[in-house]
Amino acid sequence: MADIAILGPGAIGQLLAHQLGGDKLLPDQLLLIGRETQPQCHLQLQCADKQHSLKLPMLALSDVTPDALKGLRLLIVTLKAYQVEEAVDSLLDKLPHNCQLLLLHNGMGPHKALESKLGGRGLLLGTTSQGALRLGPFEVRQTGTGLTQYGHFCGPELDNDLRQRLLTVPGSEWCDDIETALWHKLAVNAAINPLTALERVNNGVLAEPRFTATISAIVDELLLVAGAEGIRLDRKVLLERIYKVIELTAANFSSMYQDVTQGRRSEIDAINGFLLTLAERHGLTLPVNQELVNRINALSPAAAPTPR
């Protein structure tokens, strides 16, 4: 009976499935929860010059029963941010009372919506700068290595053995101040994702001087909101991190670029839109982030309305 499940086995979800325990992973230790039920999924991972294969069971979200999850101790959620709350809501009454949840998605917001619904379960938050591209339903290519961070947000603490399992992911670390780490990742996403999507360019192009003023303005507005929320961030550190990610992922195309070019809904409302939601609460205006949200949402008919 699986004790860890991955809800949303897209590119990052499948990459994590391969990385959690590597060759030592037993097939009955990990369960995928996706759109369809399959007794065995044959997952393929292209990583550098190597090819990895993994066979795991998958349950459709609509087929999940309490009995199927009775041994589950950790649910890792790798859905798009706008999918998280509804999907987790549908599972909560089927999860064991001691099962903890780890949210690992771009942007921020769903953790606040779920905090009061967990029924005493523990909630962890995470962020990763690893890159992955989905080549087929169960085939993924790793397009970049990077830091993966996890940390406790509320409820009971994660058992040490599960923490160590998570830390088998290459380049991962436990973070005592996970919310600050998420704000750092939010700054990276807020600067890189919408600009690459609107300009139809890879990440490396953003190093050109013509983007400097806009990136600086995005960060300045983020700092304004963070300060109002009582979050202390360093402008120099944020800018250095953004440009480091641009350098390290120069050949990559952001997830928002991929969503926009393929006609899918983007995560803009959980990234720059999240800043607008907080700004509205504090009576602040963010003209640069507002324009980015407006322009991206104009390309995404399924997008939810954001504050104006």
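Entry 1, confidence. I began with pLDDT, which is the predictor's confidence in each residue, on a scale from 0 to 100. This is a predicted model, and I found a mean pLDDT of 92 for the chain, with 95% of its residues reaching 70 or more.

I asked myself at what angle the axes of helix 6 and helix 7 cross. For helix 6 (residues 212-228) and helix 7 (residues 235-248) I read a crossing of roughly 135 degrees, with the axes coming within 11 Å. Helix 6 and helix 7 are therefore oblique to each other, since an angle over 145 degrees would be needed to count as roughly antiparallel. I recorded the crossing of helix 6 and helix 7 as right-handed. On the helix 6 side I listed Thr212, Ile215, Ser216, Val219, Asp220, Leu222 and Leu223 as making the contact, and on the helix 7 side Arg235, Leu238, Leu239, Ile242, Tyr243 and Ile246. Sorting the residues of this contact between helix 6 and helix 7 by class, I got nine nonpolar, two polar and two charged.

I next took helix 9 (residues 272-281) and helix 10 (residues 287-298), which pack at an angle of about 130 degrees with their axes 9 Å apart. That angle makes helix 9 oblique to helix 10, and I noted the crossing of helix 9 and helix 10 as left-handed. From helix 9 I wrote down Asn272, Gly273, Leu275 and Leu276, which meet Asn289, Gln290, Leu292 and Val293 of helix 10. The contact of helix 9 with helix 10 comprises four nonpolar and four polar residues, and I found no charged residues in it.

Is His42 buried, exposed or partly exposed? I placed His42 in strand 3 (residues 38-47) and read a relative accessibility of 43%, so His42 counts as partly exposed. Leaving aside residues up to four places away in sequence, I found that His42 touches Leu54, Lys55 and Phe138. I also looked up Pro137, which lies 95 residues from His42 along the chain, and found their C-alpha atoms separated by 9.8 Å.

Technical notes. Residues numbered from 1 in each chain as written. Predicted model: local features only at pLDDT ≥ 70, side-chain atom pairs only at ≥ 80, totals over all residues. Heavy atoms only, no water. Axes fitted to C-alpha atoms, helices over the stretch in contact; angles between N-to-C directions. Helix = DSSP H or I, 4+ residues; strand = E, 2+ residues; numbered from the N terminus. Parallel < 35°, antiparallel > 145°, perpendicular 65-115°, else oblique. Left-handed = near helix turned anticlockwise from the far one by under 90°. Contact = heavy atoms within 4.5 Å. Nonpolar A, V, L, I, M, F, W, Y, C, P; charged D, E, K, R; others polar. Buried < 20%, exposed > 50% of the residue type's maximum accessible area, 1.4 Å probe, protein only.
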